[in-house]
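Subject: Structure handover

Hi,

Here is the structure I promised to pass on. My notes follow below it.

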Amino acid sequence: MSLAVTRKNREAVAEAAWALALRLPWFGYAEIAAEMKISIDQATKIVRDWAAQGVLELLRSKNGMRKLWKVRPGCDRPAAPVPGSRSATENLWTAMRGLRSFTPTDLAAHASTDLVQVATADAQAYCRVLLAGGFLKVERKASPARKREAIYRLVRNSGPRAPRAARVSAVVDDNTNAVILLGDRS
């Protein structure tokens, strides 16, 4: 039986996983998932959050496939995620999925919350990335002379998780695990 991670128990699961990580001499996603009885995706998210906070030491990465970590000596428990907090990218993607068509200004307004303010320039940059990745199409071209923004439409709604730009000039769709290289339309 797998333990479903809900908003209510997310912090408790992360805390129990941290206690497990402290006991193990080394671990990977699979070890956390198996011991905690959670999905590999849930374990991966937890471990990646710890790595991003700098509390882990990477012991081994075999061709980028199997990573093993240990807790850095003297590191405190990692900060728990703020309940309900989402990134600007997640908010932008959610807004895109809900709007029929949109400009970057519309998108920034719909994606902004009390905790996360999204600038129009950030919305515009995200639109450019998704347009290059084939997720958006241009309904109306921008006209700088008329001070008119482009209007976009979402044409590839692959699910609730926001596609993100990767450093290799690609768009990664976490819903389908697809990697679309920019400039490659295959």
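Bear in mind that this is a predicted model.

Helix α6 first. The buried residues of α6 pack against α4 (88–98), α5 (104–111), β3 (136–140), β4 (151–154) and β6 (170–173). Those buried residues include Ala 123, Tyr 126, Cys 127 and Leu 130. Viewed down the axis of α6, they fall within an arc of 105°, so they line one face of the helix. At 1.5 Å a residue, the 13 residues of α6 (120–132) should span 18 Å, and the end C-alpha atoms are 18 Å apart, which agrees. Just after the helix, Gly 134 has a positive phi of about 85°.

Now the aromatics. There are five aromatic pairs in the structure. In one of them, Phe 27 and Trp 50 have ring centres 6.1 Å apart and planes at 90°, so the pair is edge-to-face. Phe 27 sits in the loop between α1 (10–23) and α2 (29–36), and Trp 50 in α3 (40–52), so the pair ties together parts 23 residues apart in sequence. Phe 27 is buried at 0% relative accessible area; Trp 50 is buried at 4%.

Trp 93 and Phe 135 also pair edge-to-face, 6.1 Å centre to centre with 85° between the planes. This pair links distant parts of the chain: Trp 93 is in α4, Phe 135 in the loop between α6 and β3, 42 residues apart. Trp 93 is buried at 0%, and Phe 135 is buried at 0%. Arg 156 lies over the face of Phe 135, 4.6 Å from the ring centre.

Finally, Trp 18, Phe 27 and Trp 50 form one aromatic cluster.

Best wishes

Conventions:
Residues are numbered from 1 along each chain as its sequence is written. This is a predicted model: local features need pLDDT of at least 70, side-chain atom pairs count only at pLDDT 80 or more; totals for chains, interfaces and linings use all residues. Side-chain values use heavy atoms; hydrogens and water are left out. Helices (H or I, at least four residues) and strands (E, at least two) are DSSP runs, numbered from the N terminus. The expected span of a helix is 1.5 Å times one less than its number of residues. Buried means under 20% relative accessible area, exposed over 50%, partly exposed in between (1.4 Å probe, protein chains only). The arc is that of the directions from the helix axis to the C-beta atoms. Contact means heavy atoms within 4.5 Å. Rings of Phe, Tyr and Trp (its six-membered ring) pair if their centres lie within 6.5 Å; planes under 30 degrees apart count as stacked, over 60 as edge-to-face and the rest as tilted. A charge sits over a ring if NZ of Lys or CZ of Arg is within 6 Å of the ring centre and within 35 degrees of the ring normal.
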